[in-house]
Amino acid sequence: MSAPAAARVSVALHSYWHCGTGRGASAMLDAVIARDALGLPVLPGRSLRGLLREAVASLADLGAEVGGHPLPADAASILFGTSGFEAVPGAARPRANRGTVPGRLAVSDARLEPAALAHLAHLDAEERAVLVRTLVTTLAATAIDDHGSAKAATLRTVEAAVPVGLEARIDLLPPPPGASAAALALAERWLDVLVAAAPFVRAVGGGRTRGLGRCTLALSEAA
């Protein structure tokens, strides 16, 4: 049985979420969310990829088995690649570039579910703009001192998207030259590995430790 060529990732958000651009919009807004070409909130593929990579690494650290086979310690690197940087003990610089190793999986941006996008496509421009605005709100927070009062100059306002359903696609890429038999075998069951690792992804975006971005992931083979 050959490995699935692609998978669909459903991301069900259960709370407000913030996947930022690293930029503010004005003196009153410190951080804005990432948006797609239509102005809709989006979870960038690089962020979803990083979360899945961390989940697979956690699964491997636990010594888990997938499909009756132990998950290798370098499973995350095989599926998602490496940055090429590694620690060098005793060196003046803590990391050295050993060359980037490509992964086998490409992850798209997670956008609103197809049914929601189809609904938006049937609206006129004014109706669409009104609906898009309802998908985003502004959250404010400030630091509190030992007396329960707000600390000066600590007020921070950020954009956040309302809980929605998102969908992304993952594609299996051709193996790199010289891939080991173990790496090829792991890639054959890549979807099973991600399904097993998905529960480790509990939240997305910034502010996860403060309750933002709580989510549930579900994966299935793409048609």
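Why does Glu167 count as partly exposed? I looked up its accessibility: at 25% relative accessibility, Glu167 counts as partly exposed. My cut-offs are under 20% relative accessible area for buried, over 50% for exposed, and partly exposed in between, with a 1.4 Å probe and protein chains only.

**Entry: ground rules.** This is a predicted model, so I held local features to pLDDT of at least 70 and side-chain atom pairs to pLDDT 80 or more, while totals for chains, interfaces and linings use all residues. I number residues from 1 along each chain as its sequence is written, and side-chain values use heavy atoms, with hydrogens and water left out.

**Entry: salt bridges.** I searched the whole structure and got 4 salt bridges. The criterion is a side-chain nitrogen of Lys or Arg within 4 Å of a carboxyl oxygen of Asp or Glu.

I began with the partner of Glu167. Arg8 forms a salt bridge with Glu167, and the closest N and O atoms are 4.0 Å apart. This pair links distant parts of the chain: Arg8 sits in strand β1 (residues 6-13) and Glu167 in strand β10 (residues 165-172), 159 residues apart. Strands here are DSSP runs (E, at least two residues) and helices are runs of H or I (at least four residues), numbered from the N terminus. Arg8 is partly exposed because its relative accessibility is 32%.

Next I took Arg111 and Asp36. Their side chains meet in a salt bridge at 2.9 Å, N to O. Arg111 lies in strand β7 (residues 111-112) and Asp36 in the loop between β1 and α1 (45-61), so the pair ties together parts that are 75 residues apart in sequence. Arg111 counts as partly exposed at 30%. Asp36 counts as buried at 17%.

I also noted Asp171 with Arg169. Their side chains form a salt bridge, N to O 3.0 Å. Asp171 is partly exposed at 25% relative accessibility. Arg169 is partly exposed at 38%.

**Entry: Ala110.** What is the place of Ala110? I found Ala110 in the loop between β6 (105-107) and β7. Ala110 counts as buried because its relative accessibility is 0%. Glu167 came up again here: Ala110 and Glu167 are 57 residues apart in sequence but 4.9 Å apart in space, C-alpha to C-alpha. I listed the contacts of Ala110, leaving out residues up to four places away in sequence: Val42, Leu43, Leu48, Leu166, Glu167 and Ala168. Contact means heavy atoms within 4.5 Å.

**Entry: helix α5.** Which residues of α5 are buried? In helix α5 (residues 181-188) they are Ala183, Leu186 and Ala187. They cover an arc of only 100° around the axis, which puts them on the same side of α5. The arc is taken from the directions from the helix axis to the C-beta atoms. An α-helix has 3.6 residues a turn, so residues three or four places apart point the same way. On the other side of α5, I found Ala181 and Ala182 exposed. The buried residues of α5 pack against α2 (75-80), β10 and α6 (190-197).

**Entry: cysteines.** How many disulfides does the search of the whole structure find? I got 0 disulfides. The test is a pair of cysteine sulfur atoms within 2.5 Å. Cys19 is in no disulfide, and its nearest cysteine sulfur, that of Cys215, is 9.5 Å away. Cys215 is likewise in no disulfide. Cys19 counts as buried at 5% relative accessibility. Cys215 counts as buried at 7%.
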